[in-house]
Amino acid sequence: MATKQLKPLLSSALRPFKDHRIRIVRFIVQFIMFGLINGLVFGLARIPVLLPIAFPSGGPFTVVWNAFEALQYLLTMWVFPYLALSIFLLFGSILGKTTCGWVCPFGLFQDLFRLIPIKKKKVSRPTDKTLNRMGMAVTVFILIMSFIIGLTYFNTGSKTSFGAGKDMPYSTIDPSSTLFGTLYYYLEWGMQNATFGQEIGQWTFVFFLRIIIFAAVLVLIVLYPRSYCRWFCPTGIMLGLFSKYSLFGLQINKNRCASGCDSCEKACPTQVPILQYDKDVTNKQCINCGECIDACKEGALKLKFRL
Ligand code: SF4
Ligand code: SF4
């Protein structure tokens, strides 16, 4: 009798876990990857590996290198960035934006903010497209800027006239670099320095610009889940170029869909129009997070290699 009463209780207690199986596995993977990326904390050594993620190569405990930072740095040194471009090509064409959903620390940060119980907003398709184009324009501008700095360096042997952005223009405003690099260093430095308060007046314009951009991104990601990934992240934009052709990704079997159901689209943090696709969901906003699979009660969606 007691077992009979326990069963429904147990089943309802486990429901949230059953309903969000992939989300839970993904959070575990994201935290493990966050630990590995910050391997210096555990005594790991730096390794010569470039990853397409938003995380500063100069972070206090980072063991890997950020591919978009490498791309900018090599351009500003007038070196053709074969390796950085190959990393985007390799990851993008095999995994699409899976690293965004499962590895990127700034993606994890956004997913944690998504848990704040505030009603989330959605944008219309045209607004989504416009914002995405703005992000693309910023990415192209950053690459052209890096090229111009490189050209100046080639001609004059110096790039100091470009100030704080001379090595990696985007890193001067990159919110992931502000969070995991700048803020950490300022806090650590502040805790060790009794005159921290007085120093605030000496902080530069770039520092305040970084804080304003970071604060704006923070507001955005609380209201619009994964909005930095969707619209502005250059790494995500570069990977998104390959989503259409990537070997791994989401597939839908519409024969299994229940009539009128759109639970998958409602659950998608990046507003992918999943039901517009007949089989392969090749949308460049898809980060292969699997939230739609958790939401689908008919088993119509799968993450798999499309071979
Ligand atoms: S798009 Fe998002 S998840 Fe992907 S690298 Fe950028 S911040 Fe990270
Ligand atoms: S379509 Fe599915 S896997 Fe892709 S981002 Fe949306 S919820 Fe995640």
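The exercises below walk through a predicted model of one protein.

**Exercise 1. Overall build**

Task: State how many helices and strands the protein has, and decide how its radius of gyration compares with the globule rule.

Solution: 
- Start with the elements. The protein has 14 helices and five strands.
- Next, take the radius of gyration, which is 22 Å. The globule rule gives 19 Å for 307 residues. The two values are close, so the protein is as compact as a globular protein of that length.
- The C-alpha trace spans about 80 × 45 × 40 Å along its principal axes.
- Then consider burial. Of the 307 residues, 37% count as buried.
- Finish with contacts. Take those with a separation of 6 or more: 74% of them join residues 24 or more positions apart.

**Exercise 2. Two packed helices**

Task: Describe how helix H3 and helix H7 pack, and find which residues meet.

Solution: 
- Two packed helices are described by the angle between their axes and the distance between the axes.
- Locate the pair. H3 covers residues 67–76, and H7 covers residues 125–156.
- The angle is about 30 degrees, and the axes lie 6 Å apart.
- List the H3 side: Gln-72, Leu-75 and Thr-76.
- Turn to H7. Its residues in the contact are Ile-142, Leu-143, Ser-146, Phe-147, Ile-149, Gly-150 and Tyr-153.
- Sort them by class. The contact has six nonpolar, four polar and no charged residues.

**Exercise 3. Two ligand shells**

Task: Describe the residues around ligand 1 and ligand 2, by name and by class.

Solution: 
- Begin with ligand 1. Its shell includes Ile-53, Ala-54, Cys-100, Cys-104, Cys-229 and Cys-233.
- Ask which helices contribute. H6 (105–114), H11 (227–232) and H12 (234–240) each supply at least two shell residues.
- Sort the ligand 1 shell. Eight residues are nonpolar, three are polar and none is charged.
- Move to ligand 2, which 14 residues surround. The closest are Cys-268, Val-272, Cys-286, Cys-289 and Cys-292.
- Sort the ligand 2 shell. Ten residues are nonpolar, three are polar and one is charged.

How values were computed:
Residues numbered from 1 in each chain as written. Chains lettered and ligands numbered in written order. Predicted model: local features only at pLDDT ≥ 70, side-chain atom pairs only at ≥ 80, totals over all residues. Near = placed C-beta within 6 Å. Helix = DSSP H or I, 4+ residues; strand = E, 2+ residues; numbered from the N terminus. Nonpolar A, V, L, I, M, F, W, Y, C, P; charged D, E, K, R; others polar. Axes fitted to C-alpha atoms, helices over the stretch in contact; angles between N-to-C directions. Contact = placed C-beta atoms within 7 Å. Rg over C-alpha atoms; globule rule 2.2 N^0.38 Å. Buried ≥ 20, exposed ≤ 12 C-beta atoms within 10 Å, placed from the backbone.
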